[in-house]
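User: I have a model open and want to go through it with you. Can we start with the sheet and then move to the ligand?

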Amino acid sequence: MSLNNGDILIHSFQPNDIPQCLNITRGVYAKYCPEDGYVEKVFATDMADIEKNYLNIKGGHWWVARTMVDNTVVGQVGIQPLSVGNQKCYQAELANPHYLHIHPDQICELRRMAVIPAYQKQRVGFKLLHTLIEFAQSNDYKAIHLTTLGTMTSACKFYARCGFTKGKVEQYVVAESKNGDTKVKYLKSTVFEHSSSLTEDDVRLYSLPISESKRLYVQHYWMLL
Ligand SMILES: CC(C)(COP(=O)(O)OP(=O)(O)OC[C@H]1O[C@@H](n2cnc3c(N)ncnc32)[C@H](O)[C@@H]1OP(=O)(O)O)[C@@H](O)C(=O)NCCC(=O)NCCS
């Protein structure tokens, strides 16, 4: 679907946007990490109540991208303080040298960024990100942190193009299924402080579908504001 100038409106989440936001998220995880139960976890946690978990917290928000052509939601992004979004990461990032001059509460997390495939590569993601950066700056955040997967190649290219720096990579290994359990489970294996420290084998496996690589690579990105 090709867009013209002015076809996309970015606005704050409204309660009746929820079915479309859930659909967008379902589509992303069905493609990138099927059968591991992650989407169910997302729907039971932060996306169970977007108003409570994003709009009603200090320094949090959620936007949707709406096409004026047929009034549907075609993209979304959320922001939370890192201490809320990813507490484990928050603790770990306190020691991160590129955040040393920043109070940890001035780091936010970009979450659930997605644009539906038919509208990708037409600057919808960029408009969502631009809105998020303006919000982050006016809320006195000094850095944006996010995690994505090595298999999410469009996202990796997008974040690099938009000025994010690659941080550490967490490697998880797919666990053997037990007692006929069909749900994919991961075991944390190695943390590479930077993607340049990945082994040759990891570089090869990094962006392959999880069903082939039997690995999950969580790629961290950050940007100072
Ligand atoms: C990542 C994503 C949100 C980007 O949204 P988008 O609307 O397609 O991105 P934009 O059109 O705004 O692109 C902005 C810039 O990134 C670059 N970019 C975006 N997708 C790209 C791709 N697949 N390959 C190369 N460059 C890409 C564009 O070239 C553009 O720069 P330019 O216009 O100056 O050349 C979208 O691809 C997506 O939803 N992917 C699947 C879900 C996902 O992986 N989400 C991330 C979860 S962390």
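User: In which sense do strand β5 and strand β8 pair, and over how many bridges?

Analyst: β5 (residues 143-149) and β8 (residues 215-224) pair in the antiparallel sense, over seven bridges. Strands are DSSP runs of E, at least two residues, and helices are runs of H or I, at least four, numbered from the N terminus. Two strands pair if DSSP finds at least two bridges between them. This is a predicted model: local features need pLDDT of at least 70, side-chain atom pairs count only at pLDDT 80 or more, and totals for chains, interfaces and linings use all residues. Residues are numbered from 1 along each chain as its sequence is written.

User: What stands opposite Thr147?

Analyst: His220, in β8.

User: What is the strand order in the sheet?

Analyst: The order is β1-β2-β3-β4-β5-β8-β6-β7, in an open sheet of eight strands with mixed pairing. The edge strands, each pairing on one side only, are β1 (8-12) and β7 (186-192).

User: Now the ligand. Which residues come nearest?

Analyst: Gln120, Gly125, Phe126, Ser154 and Ala155, out of 18 residues around the ligand. A residue counts as near if its C-beta atom, placed from the backbone, lies within 6 Å.

User: Which elements give two or more residues to that shell?

Analyst: β4 (107-115), α6 (124-138) and α7 (153-161). The largest share, five residues, comes from α7.

User: What does UniProt list for residues 8-181?

Analyst: The unreviewed UniProt entry lists "domain: N-acetyltransferase" there; such annotations may be inferred rather than shown by experiment. Over residues 8-181 the chain is 36% helix and 27% strand.
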